Every structure is written in structure tokens, then in C-alpha cells.
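Me: I have a model open and would like to go through its side-chain pairings and packing with you. Could we take it topic by topic?

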Amino acid sequence: MAAADPPPTPVRFGIIGCANIARKVSRAILLSPNSTIVAIGSRSLEKAAAYAKNNGFPASAKAYGSYDAVLEDPDVDAVYIPLPTSLHLHWAVLAARKKKHVLLEKPVALSVGELDEILAACESSGVQYMDATMWMHHPRTAEMKAFLSDERRFGELKAVHSIFSYNPGADFLNTDIRVKPDLDALGALGDTGWYCIRAILWAADYQLPKTVTALRDAEFNEAGVILSCGASLCFEDGKIATFYCSFLSNLTMEISVLGANGYLRVHDFVIPFQESVGAFYVNAGTKFAELSIGIEPSPTEQLVKTDLPQEARMVKEFSSLVRKVIDHGSETEKKWPTISRKTQLVVDAVKASIDKDFQPIDVVY
């Protein structure tokens with residue numbers, strides 16, 4: 001009997017900051033078969049130690065009272081950065097310069113200019129970059145793309161609409177970093193709009209729109225941070241897309257994609273209703289039934305199971321790319337920086353349209 005392959009050498013993660021989202025990603029790092037946590041840094045050593053203990057970190061994981069200490073640790077291969085967006089430029093660039101691979105929470109930057117500095121630092125140091133848009137890594141996403149790529153069942157892409165909204169309540173709207181102009185100045189556009197824009201680009205095979213026009217009546221808090229907004233995206237070939245993102249509406253996570261021959265809808269694209277299975281609905285060749293009392297055929301539900309939650313699959317994919325660089329001197333994967341940059345470009349265009357009285361903004365890569 002042939003000997004089993006040895007388990008992969010785990011990528012050793014350091015975590016920069018004790019954000020709430022880091023609890024989810026820390027769990028994912030420990031669930032993924034090719035990664036582990038070796039360090040966490042906070043501005044308070046006590047806070048870092050308590051965070052490690054409360055979230056089941058390995059006993060060997062080191063707690064540091066600064067972010068710099070994580071980056072100076074030679075045992076750290078990669079860092080996950082869940083800090084407020086205003087801090088991403090400094091810490092992601094510094095991490096790259098310290099030869100740490102970078103998994104960066106979204107929104108990744110306040111502007112594409114900032115992101116370009118981050119990506120240039122990663123490229124210069126030969127470290128892998130990926131943004132933490134988790135739904136991209138669910139196997140459902142590949143299944144949905146297969147349907148959209150089917151010329152017979154779906155056909156030419158005509159329109160996309162996406163919504164991501166949630167209503168977290170008064171305490172969030174008063175105190176959360178996502179509504180503070182000095183921490184996350186993009187507000188709902190950066191937090192929930194990022195997902196909607198990524199969904200549109202994903203459906204369009206990452207073709208950028210020609211113009212972006214924010215919809216009037218965006219809502220702001222007293223500090224001028226966006227609490228809800230929408231936009232229309234017009235493409236060179238005539239297809240259109242719209243989205244709505246909000247901190248003021250009921251939890252909704254929709255993508256609707258219309259083709260010449262078919263239609264796809266998913267109701268929970270950001271976070272699946274169930275961790276181990278994701279559903280989506282498709283229809284092709286739809287007609288009105290006799291007497292127009294229904295449609296034929298009815299939409300069909302597709303169920304896609306996963307052995308790991310989507311965030312653990314994200315970590316697994318990132319860690320696999322990191323290991324190729326470390327073990328084989330491979331080039332970094334350029335897909336993820338490119339997708340990030342295109343998403344940020346559209347985020348910037350929506351913000352510019354809002355700032356310029358909702359005028360159309362040309363999108364130039």
C-alpha cells in the first residue's frame with residue numbers, strides 16, 4: 001500500500017487587530033487544512049491575549065501589544081488585516097515590505113490610488129494579495145457562473161441587479177466604525193456596496209462599465225457618511241446593471257441576472273442561509289403558460305454543498321497560493337489584485353458621482 005501524502009505545511013498567519021470580523025476569519029484559518037494562527041497583535045497586549053483565548057487560538061499563538069510586533073515576527077508568513085479602511089494603506093504596505101503575504105479585509109482602500117500603492121508594494125516584495133470577499137470562494141459561485149456561461153440556457157447577458165442591505169439599529173448608526181468619517185469614510189458604499197459591485201463585475205466577466213451614475217436621494221449621517229445609495233452602470237455593449245446598498249433596510253443579499261435566454265437569482269450571495277449548502281434558482285426558455293395563468297417551465301432550485309464554509313475555502317485558496325510562492329518560488333496570482341482594483345474603481349466612480357451631484361462618471365482602468 002502506497003504511503004499517504006504528508007499533510008501540507010500550514011501557512012502561518014498573524015492577525016492585525018481584534019475586529020469582530022476577525023473572529024469569523026480566525027475560525028476559518030483554523031478550519032482550513034493548510035493554515036494556522038501563530039500571532040495576533042493589538043494596541044493592548046491584554047486585549048490580544050484575551051482575544052486569542054476567547055477565540056480558540058492554538059496555545060502556541062503569540063499575543064503582541066502592537067501591530068508592528070506581528071510584522072517583525074519571523075514565524076509569520078501571512079497577515080490578515082481587518083482594521084478600519086483608513087488604516088489599510090499604512091499597514092498593508094508595511095506588511096508587504098516585511099515580506100508578509102496580505103489577506104485584506106474589504107473595502108480594501110478609500111480610493112484606487114491607495115489600493116495601487118498597496119498592490120505595488122505586494123508586487124515589489126513578491127507577496128500574494130487577496131481581498132476577503134468570501135462569497136467568491138463558495139462552490140456555488142462557480143456553479144452559477146457555469147449557468148451564466150451557457151449560451152443555450154442563458155445566452156447574452158442583458159442586465160444585472162444586486163442588493164445588499166441590513167438594518168443594524170441605532171447603536172450601530174451612532175458608534176460603529178463603518179459610519180465614522182475618519183475610519184471608514186465610504187460607509188455603506190464601502191461595506192455593502194462593495195459586494196454589489198463585485199457581483200455585477202463577476203456576472204459581466206469583469207468587464208468594466210463605460211459610465212457609472214449614482215442614483216439621487218442617497219442618505220447620509222450628520223458627518224456626511226453614506227448610509228444608503230444606489231447606482232446604474234452602463235456598458236459599452238448595451239447591457240445595464242443597478243445596485244442598492246444600505247444600513248437602513250432589512251437584511252437582503254440578492255443578485256438577479258438576466259440573459260437573452262435565461263435568468264438566475266440568488267437570495268443569500270454574501271452569507272449563505274446555511275453554512276454547508278447554498279441555493280440558487282435558474283430558469284431558461286421561460287414562456288407564459290396557456291391563458292397566461294402561470295409560466296413554463298417553473299424555476300429550478302440548485303443546491304450546492306460545501307465541505308468547508310466559504311470563508312475557510314477563501315483561506316485555503318489564499319494559503320495554497322502563498323505556499324506556491326514560498327515552496328516553489330512561483331509568481332503571485334494576478335487574478336485577485338486585478339479583481340480588487342476593478343471593484344475599487346467602480347466604488348470610486350459611484351462616490352465621485354454622488355459628490356458631483358449625481359452626474360455620470362467615466363470609468364477608466
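Me: Which side chains meet in a salt bridge at 2.7 Å, N to O?

Reply: Those are the side chains of Asp-176 and Arg-178, and please keep in mind that the model is predicted. Asp-176 counts as buried at 17% relative accessibility, whereas Arg-178, at 28%, counts as partly exposed. Elsewhere, salt bridges with shared partners join Arg-12, Lys-62, Asp-73, Asp-75 and Asp-77 into one network.

Me: How many salt bridges does the count come to?

Reply: The count comes to 25 salt bridges. One of them pairs Lys-334 with Glu-123, with the closest N and O atoms 3.9 Å apart; this pair links distant parts of the chain, since Lys-334 sits in the loop between α9 and α10 (335-355) while Glu-123 belongs to helix α5 (residues 112-125), 211 residues apart. Lys-334 is partly exposed, at 34% relative accessible area, and Glu-123 is also partly exposed, at 46%.

Me: And what does Asp-150 pair with?

Reply: Asp-150 forms a salt bridge with the side chain of Arg-153, at 3.0 Å from N to O. Asp-150 has a relative accessible area of 21% and is partly exposed, and Arg-153 is likewise partly exposed, at 31%.

Me: Where does UniProt put the GFO/IDH/MocA-like oxidoreductase domain?

Reply: The UniProt record, an unreviewed entry, lists that domain at residues 150-264. In the model this span is 20% helix and 37% strand, and its end C-alpha atoms lie 12 Å apart. The record, again unreviewed, also places a "Gfo/Idh/MocA-like oxidoreductase N-terminal" domain at residues 11-130, where the chain is 43% helix and 22% strand and the end C-alpha atoms are 15 Å apart.

Me: Switching to cysteines, how many disulfides are there?

Reply: The structure holds zero disulfides.

Me: What about the largest nonpolar core, which residues have the most contacts inside it?

Reply: Phe-243 and Val-350 have the most contacts inside this core, which has 117 residues. Helix α8 (residues 187-203) gives the most to it, with 11 residues. Not counting residues up to four places away in sequence, Val-350 touches Leu-189, Ile-197, Val-212, Ala-214, Ala-231 and Phe-243.

Me: Is helix α6 enclosed or open, and why?

Reply: Helix α6 (residues 139-148) is largely enclosed by the rest of the structure, because seven of its 10 residues are buried.

Me: You mention β12, so what polar contacts does Ser-256 make with Tyr-263 and Arg-265?

Reply: Ser-256 lies in strand β12 (residues 252-259) and is buried, with a relative accessible area of 13%. Its side chain makes a polar contact of 3.3 Å with the side chain of Tyr-263, and another of 3.2 Å with the side chain of Arg-265. Leaving aside neighbours within four places in sequence, the contacts of Ser-256 also include Ala-159, Val-160, His-161 and Leu-264.

Key: Residues numbered from 1 in each chain as written. Predicted model: local features only at pLDDT ≥ 70, side-chain atom pairs only at ≥ 80, totals over all residues. Heavy atoms only, no water. Disulfide = S-S within 2.5 Å. Core = buried A, V, L, I, M, F, W, Y, C linked by side-chain atoms within 4.5 Å. Buried < 20%, exposed > 50% of the residue type's maximum accessible area, 1.4 Å probe, protein only. Helix = DSSP H or I, 4+ residues; strand = E, 2+ residues; numbered from the N terminus. Contact = heavy atoms within 4.5 Å. UniProt positions renumbered as here; feature names shortened; annotations may be inferred. Polar contact = N/O pair within 3.5 Å; in protein donor to acceptor, adjacent residues only side chain to side chain. Salt bridge = Lys/Arg side-chain N within 4 Å of Asp/Glu carboxyl O.
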